Amino acid sequence: MNDVVLTGDRPTGPLHLGHYFGSLANRVELQGRYPMYVLIADYQVITDRDTPGEIRRNTTELLLDYLAVGIDPARATIFKHSAIPELNQLLLPFLSLVSVSELRRNPTVKDEIAHSSQQAVSGLMFTYPVHQAADILFCKGTLVPVGKDQLPHVEVTRLVARRFNERYGEVFPLPEAMMGEQPLLKGLDGGKMSKSRGNAIALSATEDETAALIRKARTDFDRHITFDEQGRPEVANLLTLAGLCLGRPPRELAEEIGDGGAATLKRVTTEAVNEFLRPIRKRRAELGEDEVRQVLAEGNERARERAVRTLEEVQGAMGF
Ligand code: TRP
């Protein structure tokens with residue numbers, strides 16, 4: 001079978017190093033091996049907030065992050081939800097294939113409801129996983145590189161594909177989630193790395209901003225630096241970060257730093273991160289606005305052609 005990769009992000013803010021080592025690096029690697037679609041999931045932004053916010057700016061910034069890290073628009077189709085009406089049209093027949101109780105059971109949806117700042121839970125909150133099935137199935141995606149929180153959505157997608165095929169004939173392949181074995185990078189305060197917690201290094205941050213963030217990072221009182229993930233999670237996290245950027249084992253770095261203490265650890269980490277991000281930041285600065293707009297326009301067009309074909313096939317199979 002010919003595999004097709006589909007993945008994406010909500011445009012809610014700048015991507016950070018956690019995204020880079022967790023998924024972006026993997027995408028850059030995959031784009032040489034498979035046809036790949038990268039979705040800017042702009043409609044999904046309004047699932048857990050009332051308005052899309054600075055959607056245009058966030059979309060542009062996300063695109064800049066993609067291009068800066070080396071996602072190549074000649075090989076990957078980068079597109080956004082709101083430019084592909086046919087993708088939305090798939091939502092309707094797909095919704096008829098799942099039950100209300102199945103929608104209610106989705107653990108990721110439950111979790112998002114628990115953490116949502118919305119006044120009331122919208123219908124979209126329960127139905128967006130089916131919209132995400134349309135994201136994956138419109139291009140007959142078979143491989144979906146995602147984090148663990150997205151597994152329930154890939155399950156919904158498989159359910160939709162299987163039931164569609166049973167009712168109307170073989171149209172869709174059953175996609176599979178691709179889980180990387182990336183090291184889990186925590187935020188600089190030891191919690192989950194997240195832009196909203198102010199503990200993440202954005203790919204677009206300046207060298208000074210990066211230095212300031214790392215200076216504030218939590219460590220502990222033991223002057224002798226060791227790599228102990230259980231006992232010294234904050235120190236271990238900085239070592240992991242520096243190690244990823246340098247392509248070296250964190251344990252080896254710890255031995256070198258030794259009695260240099262937290263100050264040396266932070267200096268080494270800051271230099272490693274800034275060195276690593278330098279070419280990415282340089283590429284970002286070189287990208288012109290017109291170029292970025294052009295990339296998205298072309299990606300949208302390609303994705304749309306694909307969606308038109310799938311929608312025709314779906315309507316044909318259903319006998320419309
Ligand atoms: N839900 C994903 C997130 O919050 C974004 C996303 C939307 C996605 N559609 C997708 C991911 C399809 C993979 C496949 O990060």
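**Cores, Cavity, Pocket and Selected Residues**

Reader: Which residues of the largest nonpolar core touch the most other members?

Author: In this predicted model, local features need pLDDT of at least 70 and side-chain atom pairs count only at pLDDT 80 or more, while totals for chains, interfaces and linings use all residues. Residues are numbered from 1 along each chain as its sequence is written, and side-chain values use heavy atoms, leaving out hydrogens and water. A nonpolar core is a set of buried Ala, Val, Leu, Ile, Met, Phe, Trp, Tyr and Cys residues joined through side-chain atoms within 4.5 Å, where buried means under 20% relative accessible area, exposed over 50%, and partly exposed in between (1.4 Å probe, protein chains only). Of the 52 residues in the largest core, those touching the most other members are Leu-17, Tyr-66, Ile-78, Ile-201 and Leu-239.

Reader: What does Ile-78 touch?

Author: Contact means heavy atoms within 4.5 Å. With residues up to four places away in sequence not counted, Ile-78 touches Val-38, Ile-40, Leu-63, Tyr-66, Leu-67, Ile-71, Val-295, Leu-296, Gly-299 and Asn-300.

Reader: How many residues does the second, separate core have?

Author: Phe-138, Ala-161, Phe-164 and Leu-311 are among its members. The size of this second core is 35 residues.

Reader: How much space lies in the largest cavity?

Author: On a 1 Å grid over the protein atoms alone, a cavity is a set of points where a 1.4 Å probe fits but cannot get out, whereas a pocket is an open set with protein on both sides within 12 Å along at least five of seven lines; lining residues have an atom within 4 Å of a point. Grid points are joined across faces, edges and corners, and a volume is the space filled by probe spheres set on the points. The structure holds 1 cavity of 30 Å³ or more, and its lining includes Gly-187, Asp-189, Arg-218 and Glu-234. The space in the largest cavity is about 30 Å³.

Reader: Which helix gives the most residues to the lining of the second largest pocket?

Author: This pocket holds about 390 Å³ of space and is lined by 17 residues, with Arg-56, Thr-59, Thr-60, Lys-80 and Leu-296 lying nearest its centre. Helices (H or I, at least four residues) and strands (E, at least two) are DSSP runs, numbered from the N terminus. Helix H2 (55-69) and helix H12 (289-318) are the elements that give two or more residues. With 6 residues, the most is given by H12.

Reader: Against which elements do the buried residues of H2 pack?

Author: The buried residues of H2 include Asn-58, Leu-63, Tyr-66 and Val-69. Just after this helix, Gly-70 takes a positive phi of about 110°. The elements against which the buried residues of H2 pack are strand E1 (5-9), helix H1 (17-30), strand E2 (36-40), strand E3 (76-80), helix H11 (261-286) and H12.

Reader: What is the phi of Lys-140?

Author: Most residues other than glycine have a negative phi. Lys-140 lies in the loop between helix H6 (123-137) and strand E4 (143-145), and is buried because its relative accessible area is 17%. Its phi is positive, near 50°.

Reader: Is Gly-247 buried or exposed?

Author: Gly-247 is found in the loop between helix H9 (233-246) and helix H10 (250-257). Because its relative accessibility is 65%, Gly-247 counts as exposed.

Reader: Which residues does Leu-103 touch?

Author: Leu-103 is found in helix H4 (residues 100-105) and is buried, with a relative accessible area of 14%. Not counting residues up to four places away in sequence, Leu-103 touches Val-98, Phe-126, Thr-127 and Val-130.
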